[in-house]
Amino acid sequence: MTTKMQSQRQLRVGELVRHALSDILMRGGTYDPDLDRQPITVPEVRMSADLKIATVYVMPLGGMNAELIVKALARQAKPLRGQLSRQIRQLKYMPELRFRLDTRFDDDDRMREALHDPSVAADIEHEDKPEDGTDEAERRVPGPGEGTPADHPRGDNNE
């Protein structure tokens, strides 16, 4: 998925929607048995450029029944939109809500596991070593006042 830099307005409206939606979900403002007593976090809301579509990233606490929760929220999108319109008065149009599962933590775990894979660790270690076989201390150029004048990289005796 390509991500484009969001404008300041998109970020501000997204945060406004995220805060209001989190409040509604915390109070239990839905009438769906799949959502009853299920703590849901809303880490991010991304707004479309015209502010008419809000993509809401959600994660149930503990990650249990995540797909079921996303489907239940999608069923409740219109009633939630109505509750948002009563709570947020600054917007001319209330955005359409689209719910997606937030997988950032899973992606982070997969990346961490990949980096700890022995074959990947060997490649990373190989890239850190210079091709000429010298280590960092041998390649370091002495600064002014370090070493003898003959050791200076310019080779002249004037300092």
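α1 contributes three residues to the lining of the second largest pocket, the most of any element. This is a predicted model. Its three strands make an open sheet, ordered β1-β2-β3, with mixed pairing. Helix α2 (residues 66–75) lies across β1, β2 and β3.

**Second largest pocket**
- The pocket holds about 200 Å³ of space.
- α1 (8–27) and β1 (40–47) are the elements that each give two or more residues to its lining.
- The lining counts 14 residues.
- Leu25, Met26, Gln38, Pro39 and Ile40 lie nearest the pocket centre.
- Six lining residues are nonpolar, six are polar and two are charged.

- Strands of a sheet pair through backbone hydrogen bonds, either parallel or antiparallel.
- In the sheet ordered β1-β2-β3, β1 and β3 stand at the edges with a single partner strand each, so one side of each has no neighbour in the sheet.
- On average, neighbouring strands of this sheet are turned by 30° against each other, direction ignored.
- β1 and β2 (residues 53–60) run antiparallel and are joined by six bridges.
- Met47 stands opposite Ala54 in β2.
- Helix α2 runs at about 175° to β3.

**Asp102**
- Asp102 sits in the loop between β3 (96–101) and α4 (104–115).
- Is Asp102 buried or exposed? Asp102 counts as buried because its relative accessibility is 4%, and the cut-off for buried is under 20%.
- Beyond its neighbours within four places in sequence, Asp102 is in contact with Pro43, Tyr57, Val58 and Met59.

Notes. Residues numbered from 1 in each chain as written. Predicted model: local features only at pLDDT ≥ 70, side-chain atom pairs only at ≥ 80, totals over all residues. Heavy atoms only, no water. 1 Å grid on protein atoms, 1.4 Å probe; cavity = no way out; pocket = protein on both sides within 12 Å on 5 of 7 lines; lining within 4 Å. Points joined across faces, edges and corners; volume = space filled by probe spheres on them. Helix = DSSP H or I, 4+ residues; strand = E, 2+ residues; numbered from the N terminus. Nonpolar A, V, L, I, M, F, W, Y, C, P; charged D, E, K, R; others polar. Buried < 20%, exposed > 50% of the residue type's maximum accessible area, 1.4 Å probe, protein only. Contact = heavy atoms within 4.5 Å. Pairing = 2+ DSSP bridges. Axes fitted to C-alpha atoms, helices over the stretch in contact; angles between N-to-C directions.
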